[in-house]
Amino acid sequence: MSTETSRAGRDRWIDACARARATAPAGTAWMDGLRAGAAARFADVGFPTTRDEAWRYTSLSAVENGRFDPHPAPRPEALTPDLFQQLTFEPWDCNHLVFLNGRYAPDLSRAARLPAGVRLTSLAEAVVAVPDLVEPHLGRLADARGRTVTDLNTALMSDGLFLHVPRGAVVQEPIHALFVSMANGSPAMSHPRNLVVLEEGAQAAVVESYAGIDGGAYLTNTVTEIAAGDNAVVDHVRLVRETAAAVHLSHLEARLGRSAGVSSHIVTLGGGLVRHDVDAVLDGEGAECTLNGLYVLEGAQHVDNHTLIDHARPNGTSRELYKGVLDGRSRGIFDGTIIVRPDAQKSDARQINRNLLLSEDALADSKPTLMIRADDVKCSHAATIGQIEENALFYLRSRGLSEEMARSLLVQAFVSDILGRIRIGPVRAGLECLLFTRLPRHHAPRETA
Amino acid sequence: MLEIRNLRAKAGGREILKGIDLAVRTGEVHAIMGPNGSGKSTLAHVLAGRETVEVTQGEVLYDGRNLLGMAPEMRAREGVFLAFQYPVEIPGVSNMYLLKAAVNAVRKHRGEPEYDAMEFLALVKERMKLVEMDQALLNRAVNEGFSGGEKKRNEVFQMAVLDPRLCVLDETDSGLDIDALRIVAGGVNALRGPRRAMIVITHYQRLLSYIVPDRVHVLAQGRIVTSGGKELALRLEEKGYAWIEGQTAGPAAPAARV
């Protein structure tokens, strides 16, 4: 790739940002300011390159030089009732917001049975209807990172989930934001933006899932910001099942107040090129953060998980477990950093990354980094890359299980602890179903008899 | 039921079995004794189909059919069971799940309908008594965190549930205290019968006070150096393996035929 094509690529993106500003709904000057600032930062720096340490494994040149239609009309008819049921984990009956090619689809969505004072709408609606709830948070968390892919999202953001849970309110039922991409001639792109704000002592569970329903190429560049106030509890799941031709870039930014608890599970099954940036800041004393991830890859999939857990205050706890199952020529990357700031004494951080290679050509990279600036902390990390154990395989076969079933069972066993930690039952069950039908035949998840 | 003829096998590039001949008839219990490194476990693994052991010569007939040509799972379905010396821990797979999958694989192979949950549970409950198995272990992951005794008991329990025709017990007594040994041996004895054969591999004579064999074979340096009745085990106990090794030192040691 020459510098010239790269410059032409960047210029196209700068133009796209300008057009997005020009066509954005009027009346919200602060939103325009947000977009303009982000566009300017992107124009300055452009896309990261593999010369950036944080991007050394993942090249975005295909995105930079790709041509994506920013306003692809969805074809709602492509989303058949069967598919829709599958994507919404039927018979799970929960509140869901559905977005087709980044556009909110109110007809397919439902926000009912919510406790008083809880706001669940599309972000675009919220920007107009309740700017005072949006403005203090939108972009405040994610845009300060110097991440130009995030800036691009801010400059181009279309729509997404907005959830505001007032002080002390508990939303029992999980909320599902479903983003469906479908091709319509040229490759599509969407820049979903989700904002989840929980005030002090509030509680909610949010699932975001991304799916492509035809084999087409497209780009999803999504940013989710979670602000968990003091003592708030957030359960978060992201499920990525984009198509093999799709690029999925995501940034999750969570800020935890005093004694807040945020638990996030990011499960990547689909997508050709996937990059997750996850940042959690334990910004109040005694916050507790769980970041788990699972990537089950095949073919030529490339998935890059980048996490940062920032212990900024004392007595925080973080638990991180990322597991990869890599088949075919796939590549899975885990790059996890834990920072413990000088006054974050008594921090307790544990990070584990385990990879299971199912083929000779699959590749796993694991890069844990601890940056400890305090002296009274408990921090550990571990990383393994292995194959199916011959011993275990023989043991199972010697009991009459076919080699295929034995392998499948061992892979299931490998992923079962991550799945088991997902507390949203229907999502866990749906995932088990998805995974175990996709893993080498023979499924039937674990049972307790 | 089982006929091993001039079996030679290599593991890790070294020849371990150097011409084994052994015949076991239905209903019989054979003990194979021998010092460490004599090839006992290698023989057990060859019978179960371990791919890391390479058979270089000879044949093994099971009911007149070529056992060595069968995949490990086919052997299991045909009724060959190996109780492992070191049962493998498999985190994430419940004991019950494995057992049910195994039982149904065998039943399917025999053309019998698969057990449903209720039938399976009834079978399990009945067989558990044989080895005084703690029900809590059933719902735990396979062998994970089990004590040595619990692991061995679990092997015999699996054997009882799978109802094999040829049982190979590889040092099932090693590392057991006397109570566990009694329980495990009791389970094995309960499974003795006219339609089943057993090969009990052990380092110590002690087990054979509980499981009384029909024949005893002594394996040393990859060959069966002597065979006899149950009294052979006692003689070994008394004189130690040095006695046998002394005998095999000379070139004249003929392979015992049974």
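Is Glu171(B) buried or exposed? Glu171(B) is buried, with 21 other C-beta atoms within 10 Å; a residue counts as buried if 20 or more other C-beta atoms, placed from the backbone, lie within 10 Å of its own, as exposed if 12 or fewer do, and as partly exposed in between. The model is predicted, so local features need pLDDT of at least 70 and side-chain atom pairs count only at pLDDT 80 or more, while totals for chains, interfaces and linings use all residues. Residues are numbered from 1 along each chain as its sequence is written, and chains are lettered from A and ligands numbered from 1 in the order in which they are written.

**Contact between chains A and B**

- Chain B contributes 27 residues and chain A 23 residues to the contact, where two residues are in contact if their C-beta atoms, placed from the backbone, lie within 7 Å.
- On the side of chain B that touches chain A, two or more residues each come from α2 (72-77), β7 (90-94), α3 (95-109) and α4 (117-128) of chain B; helices (H or I, at least four residues) and strands (E, at least two) are DSSP runs, numbered from the N terminus.
- α3(B) gives the most to this side, with 8 residues.
- This side of chain B has 18 nonpolar, 5 polar and 4 charged residues, with Ala, Val, Leu, Ile, Met, Phe, Trp, Tyr, Cys and Pro counted as nonpolar, Asp, Glu, Lys and Arg as charged, and the others, Gly among them, as polar.

**Helix packing in chain B**

- α3(B) also packs with helix α6 (residues 148-162) of chain B, at an angle of about 35° and with the axes 10 Å apart; axes are lines fitted to C-alpha atoms, for helices over the stretch in contact, and angles run from 0 to 180 degrees between N-to-C directions.
- Asn95(B), Leu99(B), Ala102(B), Val103(B) and Val106(B) of α3(B) meet Asn154(B), Gln158(B), Val161(B) and Leu162(B) of α6(B).
- The residues of this helix contact comprise 6 nonpolar, 3 polar and no charged.

**Sheet of chain A**

- An open sheet of 10 strands with mixed pairing has the order β2-β1-β5-β8-β10-β12-β14-β16-β18-β20 (chain A); two strands pair if DSSP finds at least two bridges between them.
- β2 (103-104) and β20 (378-387) of chain A are at the edges with a single partner strand each, so one side of each has no neighbour in the sheet.
- Strand β1 (residues 95-100) of chain A runs antiparallel to β2(A) and is joined to β2(A) by 2 bridges.
- Phe99(A) has Tyr104(A) in β2(A) as its bridge partner.
- Helix α9 (residues 403-421) of chain A lies across β12 (261-268), β14 (288-297), β16 (317-326) and β18 (348-357) of chain A, at about 145° to β16(A).

**Domains of chain A**

- Chain A is assigned domain 1 (74-388) and domain 2 (389-449), with bounds from an automatic or database domain assignment.
- The C-alpha centres of these two domains are 25 Å apart.
- Domain 1 and domain 2 of chain A give 18 residues each to their contact.
- β8 (203-212), β10 (233-241), β12, β14 and β16 of chain A each give two or more residues to the domain 1 side.

- Lys346(A), in the loop between β17 (331-340) and β18 of chain A, has a positive phi of about 60°.
- Lys346(A) counts as partly exposed because it has 16 C-beta neighbours inside 10 Å.
- Glu171(B), in the loop between β9 (166-170) and α7 (178-191) of chain B, has a positive phi near 45°.
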